[in-house]
Amino acid sequence: MQDVRDLYQQIILDHSRHPRNFRELPGASRVVDGVNPLCGDKITLFVNLSDDKISAVTFQGSGCAISQSSASLMTAAVSGLTIDKARALAERFHELVTVGVTPEESAALGKLAAFDGVREFPSRVKCATLCWHALRSALAGDGRAVSTE
Ligand code: ZN
């Protein structure tokens with residue numbers, strides 16, 4: 001297990017130091033601000049939808065390594081997905097960091113499985129799920145600010 005833990009740690013560190021898709025998305029059809037007051041994490045999520053697909057997704061923000069790397073990995077994972085598939089992925093990710101998933105489900109999560117260990121630190125779960133809350137709000141079309149509290 002130690003090797004897997006090290007790999008997961010490396011993925012999270014890499015994405016927190018070099019976040020992917022970290023920019024504004026001019027003309028984005030959905031923009032949602034998310035905040036996790038417990039930790040001080042902030043993100044702004046920009047989403048463009050074409051038909052039922054996420055054609056582009058970017059973010060900006062500040063906060064702990066977990067929150068920022070989670071947003072980075074999420075944008076990479078959901079870009080190009082249909083809204084239904086992105087929602088299903090959000091559900092699965094939430095299960096991963098709260099109740100846990102089967103090895104098969106974990107494998108299907110790809111790099112998102114790096115957040116498996118967060119489950120052992122309940123105070124960090126909201127850091128990891130902040131961006132996913134923002135995504136759900138964006139896909140619902142609310143365009144509202146979300147807070148984990
Ligand atoms: Zn945090």
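Val78 is in contact (heavy atoms within 4.5 Å) with Ile54, Val57, Ala86, Leu89, Trp132 and Leu135, leaving aside its neighbours within four places in sequence. The model is predicted, so local features need pLDDT of at least 70 and side-chain atom pairs pLDDT 80 or more, while totals for chains, interfaces and linings use all residues. Residues are numbered from 1 along each chain as its sequence is written, and side-chain values use heavy atoms, without hydrogens and water.

Together with Leu45, Phe115, Trp132 and Leu135, Val78 touches the most other members of the largest nonpolar core, which holds 40 residues. Such a core is a set of buried Ala, Val, Leu, Ile, Met, Phe, Trp, Tyr and Cys residues joined through side-chain atoms within 4.5 Å. Buried means under 20% relative accessible area, exposed over 50%, and partly exposed in between, for a 1.4 Å probe and protein chains only. Two or more core residues come from each of α1 (2-17), β2, β3, α2, α3 (83-98) and α5 (122-140). Helices (H or I, at least four residues) and strands (E, at least two) are DSSP runs, numbered from the N terminus. The helix α5 gives the most to the core, with ten residues.

Thr75 sits in helix α2. Its relative accessible area is 0%, so Thr75 is buried. Which residues does Thr75 touch, not counting those up to four places away in sequence? They are Arg20, Asn21, Leu45, Val57, Thr58 and Phe59. Leu45 stands opposite Phe59 in β3.

The strands come next. Two strands pair if DSSP finds at least two bridges between them. Strand β1 (residues 30-36) runs antiparallel to β2, and seven bridges join them. Two residues separate β2 and β3 in their hairpin, where Asp51 takes a positive phi near 55 degrees. Strand β2 is largely enclosed by the rest of the structure, because seven of its ten residues are buried.

Asp41 is buried, at 0% relative accessible area. Cys64 is buried as well, at 14%.

A cavity is a set of points, on a 1 Å grid over the protein atoms alone, where a 1.4 Å probe fits but cannot get out; lining residues have an atom within 4 Å of a point. Points are joined across faces, edges and corners, and a volume is the space filled by probe spheres set on them. One cavity of 30 Å³ or more is found in the whole structure. The largest cavity holds about 40 Å³ of space. Ala90, His94, Thr129, Trp132, His133 and Arg136 line it. Helix α5 supplies the largest share of this lining, four residues.

Key
On a 1 Å grid over the protein atoms alone, a cavity is a set of points where a 1.4 Å probe fits but cannot get out, and a pocket is an open set with protein on both sides within 12 Å along at least five of seven lines; lining residues have an atom within 4 Å of a point.
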